Amino acid sequence: MVARPCDGTLPVSAATPETDDFTRPYWDAAADGRLLIRRCGACGRAHHYPREFCPYCWSEDVTWERATGRATLYTWSVVHRNDLPPFDARTPYTAAVVDLAEGPRVMTEIVECAEADLRIGLDLEVTFREEGGGVAVAVFRPA
């Protein structure tokens with residue numbers, strides 16, 4: 001069963017995020033091959049996913065910042081079965097949590113890496129996968 005938005009329409013794809021005015025800078029940068037994060041001007045901490053306030057000190061003094069794209073692997077799970085499109089066609093794939101060099105821990109996918117080569121602390125770099133409609137999603141590969 002696919003969850004429907006309140007207006008009853010179906011999402012374009014489970015893998016295609018919706019953009020709005022607030023997140024548009026993030027998605028535009030991703031389409032250009034750049035990863036953006038948010039940084040708080042009050043406490044100095046970076047966070048990701050994008051929010052209009054700092055999740056640490058609640059300040060609204062947050063701005064977009066280009067991330068280096070470097071990360072390390074925190075944990076992962078190789079998914080061998082997923083019945084939801086488009087993920088069903090991608091199995092097996094590696095769902096992961098990575099620590100960005102700037103500090104935030106994010107959920108993502110590891111690409112271009114054999115399961116046997118995965119290890120905690122693996123150095124990674126961001127790359128982007130086109131999901132259709134000009135939307136690019138950040139994924140990570142070995143550096």
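These questions and answers test the terms applied to a predicted model.

Q: Why is Glu60 called exposed rather than buried?
A: The cut-off for exposed is a relative accessible area over 50%. Glu60 has 68%, so Glu60 is exposed.

Q: Where does Glu60 lie, and what is Glu60 in contact with beyond its neighbours within four places in sequence?
A: Glu60 sits in the loop between S2 and S3. Leaving those sequence neighbours aside, its contacts are Glu52 and Phe53. Contact here means heavy atoms within 4.5 Å. The C-alpha atoms of Glu60 and Gly41 are separated by 8.6 Å, and the two residues are 19 apart along the chain.

Q: What makes Trp58 stand out in its phi angle?
A: Phi of Trp58 is near 70 degrees, which is positive in a residue other than glycine. Trp58 lies in the loop between S2 and S3.

Q: How do you know whether Trp58 is buried or exposed?
A: Exposed needs over 50% relative accessible area. Trp58 has 62%, so Trp58 counts as exposed.

Q: Why is Glu112 called exposed?
A: Its relative accessibility is 61%. The cut-off is over 50%, so Glu112 is exposed. Glu112 is in the loop between S6 and S7. Its phi, near 55 degrees, is positive in a residue other than glycine.

Q: Which peptide bonds are cis, and what is omega for each?
A: One runs from His48 to Tyr49, with omega near 25 degrees. Tyr49 has its place in the loop between S2 and S3. Another runs from Thr91 to Pro92, with omega near -10 degrees. Pro92 lies in the loop between S4 and S5.

Q: Why is S1 described as largely enclosed?
A: Buried means under 20% relative accessible area. Four of the five residues of S1 are buried, so the rest of the structure largely encloses this strand.

Q: What makes S1 and S2 a pair?
A: At least two bridges are needed between two strands. S1 and S2 have two bridges, so they pair, and they run antiparallel. Arg38 stands opposite His47 in S2. Five residues lie between the strands of this hairpin, and Gly44 takes a positive phi near 85 degrees.

Q: What makes S1 and S3 a pair?
A: Five bridges join S1 and S3 in the antiparallel sense. The requirement is at least two, so S1 and S3 pair. The bridge partner of Arg39 in S3 is Thr63.

Q: Why are S2 and S3 placed at the edges of their sheet?
A: The open sheet has three strands in the order S2-S1-S3, with antiparallel pairing. S2 and S3 each have a single partner strand, so one side of each has no neighbour in the sheet.

Q: How do you know that the buried residues of H1 line one face?
A: Tyr26, Trp27, Ala29 and Ala30 are buried in H1. Seen down the helix axis, the buried residues fall within an arc of 160 degrees, so they line one face of H1. Their cover includes S1, S3, S7 and S8. Just after H1, Gly33 has a positive phi of about 80 degrees.

Q: What makes S5 mostly covered?
A: Seven of the eight residues of S5 are buried. For each of these, the relative accessible area is under 20%.

Q: What makes S5 a partner of S4 and of S6?
A: The requirement is at least two bridges. S4 and S5 have eight, in the antiparallel sense. S5 and S6 have six, again antiparallel. Both pairings therefore meet the requirement. Thr72 stands opposite Asp99 in S5, and Val98 stands opposite Val106 in S6. S5 and S6 form a hairpin with four residues between them, and Gly103 in the turn has a positive phi of about 120 degrees.

Q: What makes up the lining of the largest pocket?
A: The pocket is lined by 26 residues; Met107, Thr108, Glu109, Val137 and Ala138 lie nearest its centre. Elements that give two or more residues are H1, S5, S6, S7 and S8. S5 gives the largest share, six residues. By class, the lining has 19 nonpolar, three polar and four charged residues. The space in this pocket is about 680 Å³.

Methods:
Residues are numbered from 1 along each chain as its sequence is written. This is a predicted model: local features need pLDDT of at least 70, side-chain atom pairs count only at pLDDT 80 or more; totals for chains, interfaces and linings use all residues. Side-chain values use heavy atoms; hydrogens and water are left out. Buried means under 20% relative accessible area, exposed over 50%, partly exposed in between (1.4 Å probe, protein chains only). On a 1 Å grid over the protein atoms alone, a cavity is a set of points where a 1.4 Å probe fits but cannot get out, and a pocket is an open set with protein on both sides within 12 Å along at least five of seven lines; lining residues have an atom within 4 Å of a point. Grid points are joined across faces, edges and corners, and a volume is the space filled by probe spheres set on the points. Ala, Val, Leu, Ile, Met, Phe, Trp, Tyr, Cys and Pro count as nonpolar, Asp, Glu, Lys and Arg as charged, and the others, Gly among them, as polar. The arc is that of the directions from the helix axis to the C-beta atoms.
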